[in-house]
Amino acid sequence: MRGDDDLQEGMFSYISPEKRVPTDHPLRPIRKMVDEILKEMSPKFAKLYSDVGRPSIAPERLLRSLLLQVFYSVRSERMLIEQLQYNMLFRWFVGMEMDETVWNHAVYSKNRERLLNEEIAESFFQRVLERAKPYMSDEHFTVDGTLIEAWASQKSFGGKTGRGSHPDQEERSTFTRRSGRTRPMNRRRIPTLDCSRNPKGAKQSSATLGHVLMENRNGLLVQTFLTEANGRAEREAAMLMAEAIPSGKRVTLGGDKNYDTQKFVRELRGMNITPHVAQNDTNRSSAVDERTTRHAGYVVSQRKRKRVEQSFGWMKMVGMLRKVKLRGIDKVGWLLTFTGAAYNLCRLRNLMAEA
């Protein structure tokens, strides 16, 4: 018998969002871990807000919603707020009631300095690592870097002098197709960005370098680091992250051919770290000799180090780090660390399910 096409005229629902979300939904274990982490961070949040005045949007809700933006590749905060209006799964994860009013998208911009910064992201990242320790190696690591482009046009590029301002910005001009002439460009209309130049070409590109330190056992990220894009940034960032590895036992550090330099290998050995970097013997001699390559562990490190590309692929395609709309080392650094924490949460969820 054919059913009736009834109109949706009901005003009340007696089923909570908690009951509507399936018990085996992938977000459930992540929500449990995130709630525990945010509860531990509550004293830190309390120091950021005044005891008087109008109540703000709970920082826990803002961070949960931004995790959803990373997990589901929501390309803007406006679209995230739109999803929170009618997406029941999103409301459940954030902790909102069915009829609760959603905040304005400008709340995220207003909280960039106070809440959405590197300190909070690093605190969140480290608490995720504490829960991942049973699945992590403390002896074998891999380091690598990737280019993070800025969502900007060629007209937005500025120099690296000072705070990114162009030295002759007052005299810059632009070509207009309509008139076919050049005219002075208004300085107030130029959103200057830190820019880098390709070593073998003159093309200018605004970008930063994101660096990660990965443990080789299950591919979990141990550290994140952001620098300007230049030819030495990967090795310099790798040395800084290697210094943060706890001493006490000899560890290995893998990497691609870009890290095969005499200085880098020598400094790693001085830190009691075995350099398991790929040999670059094209028209030159490699800095890694048979003292390292003859061991079976070197071959294992070369096979494991490719896992770092999986983390970059996830963060760029799912976490939308391929091109970022934020500007500046601090803001992009916050986004890199927070996206790395989201990646670890997904990996940890899968590892816990397999255990």
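A: What follows is a close look at helix α14 and its contacts.

This is a predicted model, in which local features need pLDDT of at least 70 and side-chain atom pairs count only at pLDDT 80 or more, while totals for chains, interfaces and linings use all residues. Residues are numbered from 1 along each chain as its sequence is written, and side-chain values use heavy atoms, with hydrogens and water left out.

The chain as a whole comes first. Its secondary structure comprises 14 helices and ten strands, taken as DSSP runs numbered from the N terminus (helices H or I, at least four residues; strands E, at least two). Of its 355 residues, 46% are buried, meaning under 20% relative accessible area with a 1.4 Å probe and protein chains only, with exposed set at over 50% and partly exposed in between. Among contacts (heavy atoms within 4.5 Å) with a separation of 6 or more, 65% are between residues 24 or more positions apart.

Helix α14 covers residues 329-354, and its axis comes within 10 Å of that of helix α2 (residues 27-40), the two crossing at roughly 115°. Axes here are lines fitted to C-alpha atoms, for helices over the stretch in contact, and angles run from 0 to 180 degrees between N-to-C directions. The crossing is right-handed, that is, the near helix is turned clockwise from the far one by less than a right angle, anticlockwise being left-handed. On the α2 side the contact is made by P29, I30, M33 and V34, and on the α14 side by L345, C346, L348, R349 and M352. Eight of these residues are nonpolar, none is polar and one is charged (nonpolar: Ala, Val, Leu, Ile, Met, Phe, Trp, Tyr, Cys and Pro; charged: Asp, Glu, Lys and Arg; polar: the others, Gly among them).

F124 is buried at 1% relative accessible area, and F338 is buried at 2%. Together with W334, F124 and F338 form one aromatic cluster.

F125 also lies in α8 and is buried at 0% relative accessibility. Beyond residues up to four places away in sequence, F125 touches L221, V222, Q223, T224, T337, G340, A341 and N344.

Conventions
Phe/Tyr/Trp six-rings, centres within 6.5 Å; stacked < 30°, edge-to-face > 60°.
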